[in-house]
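Dear colleague,

Please find the structure below for your records. My findings on the contact between two of its chains follow it.

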Protein chains: 6
Amino acid sequence: METTNATRGRKRLEKEQFFEDYETGTVRRTFGRTITETDFVVHAGHTGDFFPHHMDAEWCATQPFGQRIAHGTMTFAIGVGLTATQINPRAFTYGYERLRFPNPVHIGDTIHTEITIGETALDPKRKGYGKVVEITETKKQDGKTVMYCEHILLVETKEDHA
Amino acid sequence: METTNATRGRKRLEKEQFFEDYETGTVRRTFGRTITETDFVVHAGHTGDFFPHHMDAEWCATQPFGQRIAHGTMTFAIGVGLTATQINPRAFTYGYERLRFPNPVHIGDTIHTEITIGETALDPKRKGYGKVVEITETKKQDGKTVMYCEHILLVETKEDHA
Amino acid sequence: METTNATRGRKRLEKEQFFEDYETGTVRRTFGRTITETDFVVHAGHTGDFFPHHMDAEWCATQPFGQRIAHGTMTFAIGVGLTATQINPRAFTYGYERLRFPNPVHIGDTIHTEITIGETALDPKRKGYGKVVEITETKKQDGKTVMYCEHILLVETKEDHA
Amino acid sequence: METTNATRGRKRLEKEQFFEDYETGTVRRTFGRTITETDFVVHAGHTGDFFPHHMDAEWCATQPFGQRIAHGTMTFAIGVGLTATQINPRAFTYGYERLRFPNPVHIGDTIHTEITIGETALDPKRKGYGKVVEITETKKQDGKTVMYCEHILLVETKEDHA
Amino acid sequence: METTNATRGRKRLEKEQFFEDYETGTVRRTFGRTITETDFVVHAGHTGDFFPHHMDAEWCATQPFGQRIAHGTMTFAIGVGLTATQINPRAFTYGYERLRFPNPVHIGDTIHTEITIGETALDPKRKGYGKVVEITETKKQDGKTVMYCEHILLVETKEDHA
Amino acid sequence: METTNATRGRKRLEKEQFFEDYETGTVRRTFGRTITETDFVVHAGHTGDFFPHHMDAEWCATQPFGQRIAHGTMTFAIGVGLTATQINPRAFTYGYERLRFPNPVHIGDTIHTEITIGETALDPKRKGYGKVVEITETKKQDGKTVMYCEHILLVETKEDHA
């Protein structure tokens with residue numbers, strides 16, 4: 001029956017995972033995306049940050065870094081956005097820790113993101129939920145990390161751990 | 001080992017299907033997306049089509065259709081774009097047939113797309129490939145079809161059908 | 001008198017053509033437009049299709065096609081959009097047939113569209129209308145066709161053909 | 001022959017006019033376009049002008065003008081852009097005079113532009129050219145002028161006026 | 001106290017200047033911004049002006065100017081937008097005079113804007129206001145002026161000049 | 001002399017602050033900005049995250065949160081972007097800690113950001129630099145915090161603290 005199939009089709013885009021289903025050390029890797037001059041211009045226009053570090057090629061050429069560098073907020077937003085290919089209806093974002101930008105992104109760099117499941121722990125303050133740390137690393141074509149953060153998820157527990 | 005996991009993670013975004021794996025009648029349904037005034041403006045700017053049917057609310061109010069209607073090219077592009085959540089590395093697009101827009105999309109309508117596998121047939125002209133028809137229907141919140149087309153795929157065959 | 005002139009000015013942007021006014025073989029050619037990396041990024045963002053064929057320069061360099069290729073939906077939308085310079089208030093779109101992408105569009109290609117009036121026929125099911133086929137070909141700077149489709153118009157007849 | 005037709009088709013988008021062809025008092029009126037919240041956001045992002053007069057609905061509500069008002073630069077750019085439907089290969093822009101914004105544009109207003117040919121005069125300093133003033137008025141749905149300027153064209157003369 | 005500090009913080013973004021505070025000859029210079037192909041495409045899409053002078057690299061290569069040239073409306077909008085870093089709550093725009101584009105902007109040029117306070121005069125028709133001319137020059141990396149205009153401000157007077 | 005003035009003008013956009021100049025408890029407050037449906041659509045397109053929580057008004061209406069909610073990455077990027085009005089050439093970003101989204105941003109909310117200087121400490125590992133914590137809170141019109149994070153700056157010291 002079509003309706004049933006359609007529902008099943010839709011569910012395929014979701015991947016339901018309870019707290020107990022997360023396994024430390026599992027790695028998920030996204031497709032790559034080349035960061036373009038367009039992304040620089042769009043991000044400046046989206047956020048209102050037109051600082052010359054991102055927008056003025058002439059001035060950058062006189063600086064130690066030599067060329068325009070991506071906004072950190074863009075590297076974070078696109079790095080995280082690359083992972084938005086499957087939804088876990090049992091989880092939601094609690095926050096992010098230790099957000100860092102160890103290396104710059106320049107126009108023409110191609111980035112992808114790797115998520116490694118880190119620490120998992122029941123949340124004593126939230127009965128029925130556990131905390132899962134997704135170590136989120138965005139890397140560029142030469143393997144260098146351009147964004148690191150720890151994404152903290154709150155995930156429903158399958159069983160009563162009380 | 002991480003590399004192995006990462007590769008496996010990436011493969012999860014792909015869903016390899018040979019010609020023989022397509023089964024007529026299977027349905028896949030995408031998530032929904034609300035079409036906004038922004039989409040109208042972006043599409044006009046992207047294509048250069050600023051016809052008043054899409055852009056002039058005052059004039060539309062004097063017409064039988066009463067309000068701005070989406071560009072057909074946008075309904076097609078977003079309707080097809082909604083399905084871009086998994087890649088089959090064994091298939092590529094041959095073309096589209098019978099593209100129709102049975103009902104208009106207005107600002108605020110929410111659309112999703114349903115793909116039903118239609119006819120499948122070996123391609124006598126292309127050894128090693130078969131043709132698969134994906135009946136592609138984009139519908140809005142009231143169930144009415146706003147875009148219909150037949151997406152023709154060429155898909156590698158698993159076995160030698162010579 | 002200004003009002004009259006203004007109305008006449010506006011009408012100049014319209015080109016009223018009844019079914020009988022279409023002449024098979026007439027060709028209309030649009031201005032050219034260079035397809036930029038920006039268009040690739042805008043189209044991905046507009047449709048949600050971030051497949052690496054369009055977005056990942058590093059991966060494309062390892063593939064037979066060697067570089068990013070435009071979304072088919074973009075070549076169609078911009079190819080058709082280029083023709084949106086005059087409105088015929090007596091015609092509307094019935095649909096498109098045989099949409100094909102014989103050659104890829106790469107960043108930096110310059111495209112234009114040629115419309116040739118093809119078959120015209122009264123529509124037995126719709127009294128007062130005839131069908132007109134606009135053979136729509138988008139070509140790039142080297143003359144190769146990058147998009148082909150048959151745009152089917154329904155056009156009011158001037159006379160009663162009953 | 002196709003090439004000939006195609007060339008003719010292309011020429012239809014151009015309207016060649018020499019200095020002598022401009023007639024004072026002629027009026028040309030564009031199609032209308034509804035200015036949307038999207039246009040406000042796009043213009044802020046395009047120019048970097050995020051002043052609260054254009055972007056902060058809460059603050060605007062406390063001011064005499066009561067709601068967000070369009071950037072003058074946007075009203076000018078879109079008002080002029082609306083006229084870009086035909087090219088005169090014999091003319092180019094010399095500049096603009098007396099640019100004014102007599103009434104504000106708000107989100108949801110529908111504007112069109114009327115061009116009236118004003119003064120025309122041979123240019124004593126540029127042999128072979130004359131100056132043509134295009135009085136350019138952008139109006140909104142209630143008839144009020146939201147942008148006024150005098151667009152000065154330099155246009156080739158057909159004959160030798162020396 | 002926080003509220004007080006916050007208010008003071010906000011006020012720092014404003015720079016209150018009465019008519020009497022403007023001093024002829026004062027110069028203000030903005031940061032630079034590299035004009036990208038993205039800006040060309042965004043401006044065409046924002047205004048609807050897709051003329052080949054701005055959009056068709058192949059055709060431009062056959063013309064005396066050799067490459068795509070920025071829309072004048074864009075050079076004006078971005079040139080003025082660069083100055084939008086401080087608000088004077090005592091002033092508003094009356095209009096612009098003598099808008100000129102002495103040299104073209106090409107893709108990759110880096111522009112900045114210099115504002116020089118020109119003539120200041122009490123406005124006999126508007127008691128309590130004076131007119132201030134801001135000579136606005138946008139220049140590119142080689143020092144050439146790409147946009148010139150005179151921005152006319154109406155500014156409140158501090159004292160009663162009646 | 002003009003050059004001198006121009007340089008001075010440019011410097012006004014910079015606000016040089018050494019480590020010793022930061023004073024715990026100082027508050028800086030930005031202008032406000034209304035978050036529009038356009039921002040939602042632009043952010044989805046910029047990052048590729050088209051999850052229905054941000055994009056599907058119909059589905060959201062069936063959920064406890066009732067309406068579309070902003071991407072956390074957007075609230076962060078715009079919240080931080082609002083502060084990009086003055087450059088301190090002596091400081092650069094080390095990273096962000098404790099990024100949280102205590103309340104959702106909906107279409108139509110108006111946000112501003114308040115930065116409070118928190119802890120300051122010499123950096124034992126980086127001679128010549130100190131760490132400054134900017135407590136960054138983005139709030140909406142009802143005063144509720146929608147984004148909280150601690151922005152860690154590395155700032156040059158004026159004096160030798162060895």
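Contact here means heavy atoms within 4.5 Å. On that basis, 34 residues from chain B and 34 residues from chain C take part. This is a predicted model, in which local features need pLDDT of at least 70 and side-chain atom pairs count only at pLDDT 80 or more, while totals for chains, interfaces and linings use all residues. Residues are numbered from 1 along each chain as its sequence is written, chains are lettered from A in the order in which they are written, and side-chain values use heavy atoms, without hydrogens and water.

Chain B superposes on chain C by a rotation of 180° with 0.0 Å of shift along the axis (RMSD 0.0 Å), by least squares on the C-alpha atoms of residues with pLDDT of at least 70 in both. That is the relation of a two-fold axis. Both copies use the same surface, as 100% of the contact residues of chain B recur in chain C.

About 2,700 Å² is buried between chain B and chain C, with carbon and sulfur atoms giving 62%; buried area is the accessible area (1.4 Å probe) that two parts lose on being put together, summed over both. In chain B, the residues that lose the most area to chain C are His46(B), Phe51(B) and Arg100(B), together 23% of what that side buries.

Two salt bridges are counted between these chains, each a side-chain nitrogen of Lys or Arg within 4 Å of a carboxyl oxygen of Asp or Glu. In one of them, Arg100(B) joins Glu97(C), with the closest N and O atoms 2.4 Å apart.

Yours sincerely
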